[in-house]
Amino acid sequence: MPRPNAPSLAFFAQLSIEVAPAHEIGQTPAGLRRVIPILGGQVQGDGWRARVLPGGADFQAIVSPTLAQLDARYVLETDAGDLIYVCNRAIRVAAPEVTARLVRGEPVDPALVYFRCVPTFETAAPALAWVNERLFVGSGIRRPSAVEIDCFTVN
C-alpha cells in the first residue's frame, strides 16, 4: 500500500524581534513565569517584507532547569499594509547553567540551545490567505535584546 510522502520544508521568512527586559512574575504552579514585551522588529520573506508591530509579548514558563515553554503573540504589518497575527509556541532546551544565563539576559552561544517553534499565521488579506491554511515550523536564537527566528512552510 502506498505511503504518503514525507513532509519537506520551504523557507517562509526570517524574523528579527526586538524585546524589552522581562517582567518576572515569579514561581507559579506553571513554573518561573515571565512576560517579555515585544518592541518591534523586521521580517524578510521570500519576495516580501514586514515589520513587527510593538505591543505583543512572549509569555514564558521556565518549567525546569533545562526547559522553557514559550508562547509569543504579536502582529506583523507587511510593506503592502496587510496585517498578520502571529501565535508562536516554542520550547527552548539547554543545560541548567545555559538556561540560567538566558534567563538573566546574557549572551549565549546558539549551538548550546535547542530552540524550536511552531508558529501560526492568521490574516484577512486575500493575497496572503494561504498562510491560514499551512503548517509552519521554525528555529530560533535568543539574543540579549532580540529573538531571531527562521520560519519554514511544511510541504
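This is a predicted model: local features need pLDDT of at least 70, side-chain atom pairs count only at pLDDT 80 or more; totals for chains, interfaces and linings use all residues.
**Second largest cavity.** I looked up which strand gives the most to the lining of the second largest cavity; E9 (136–142) does, with three residues. Residues are numbered from 1 along each chain as its sequence is written, and side-chain values use heavy atoms, with hydrogens and water left out.

For elements I take DSSP runs numbered from the N terminus, helices being H or I of at least four residues and strands E of at least two. For a cavity I use a 1 Å grid over the protein atoms alone and keep a set of points where a 1.4 Å probe fits but cannot get out; a pocket is an open set with protein on both sides within 12 Å along at least five of seven lines, and lining residues have an atom within 4 Å of a point. Grid points are joined across faces, edges and corners, and a volume is the space filled by probe spheres set on the points.

The second largest cavity holds about 50 Å³ of space. I list its lining as Leu102, Val108, Pro110, Val113, Phe115, Gly140, Ile141 and Arg142. By class I note six nonpolar, one polar and one charged. Here Ala, Val, Leu, Ile, Met, Phe, Trp, Tyr, Cys and Pro count as nonpolar, Asp, Glu, Lys and Arg as charged, and the others, Gly among them, as polar.

**Largest cavity.** I count two cavities of 30 Å³ or more. The largest has about 110 Å³ of space. Of its 14 lining residues, Ile17, Asp58, Ala72, Val147 and Ile149 lie nearest the centre. E1, strand E3 (31–45), E6, E7 and E10 each give two or more residues to this lining, and E6 gives the most, with three. The classes are 11 nonpolar, one polar and two charged.

**Largest pocket.** I record a volume of about 170 Å³. Gln14, Ile141, Glu148, Ile149 and Asp150 are the closest to its centre among 14 lining residues. Its lining has six nonpolar, five polar and three charged residues.

**Helix H1.** In H1 (residues 96–103) I find Val98, Thr99 and Leu102 buried, where buried means under 20% relative accessible area, exposed over 50% and partly exposed in between (1.4 Å probe, protein chains only). They line one face of the helix, because they fall within an arc of 100° seen down its axis; the arc is that of the directions from the helix axis to the C-beta atoms. Strand E5 (57–62), strand E7 (83–93) and E9 are among what covers them. Gly105, with a positive phi near 85°, follows H1.

Asn88 lies in strand E7 and is buried at 4% relative accessible area. Contact means heavy atoms within 4.5 Å. Leaving out residues up to four places away in sequence, I see Asn88 touch residues including Leu70, Tyr74, Cys117 and Ile149. Leu70 lies in strand E6 (residues 67–78) and is buried, at 8%.

**Cysteines.** I find zero disulfides, a disulfide being a pair of cysteine sulfur atoms within 2.5 Å. The sulfur of Cys87 is 11 Å from its closest cysteine sulfur, in Cys117, so the two are too far for a bond. The sulfur of Cys117 is 5.2 Å from that of Cys151, its closest, also too far for a bond. Cys87 is buried at 9% relative accessible area, and Cys117 is buried at 3%.
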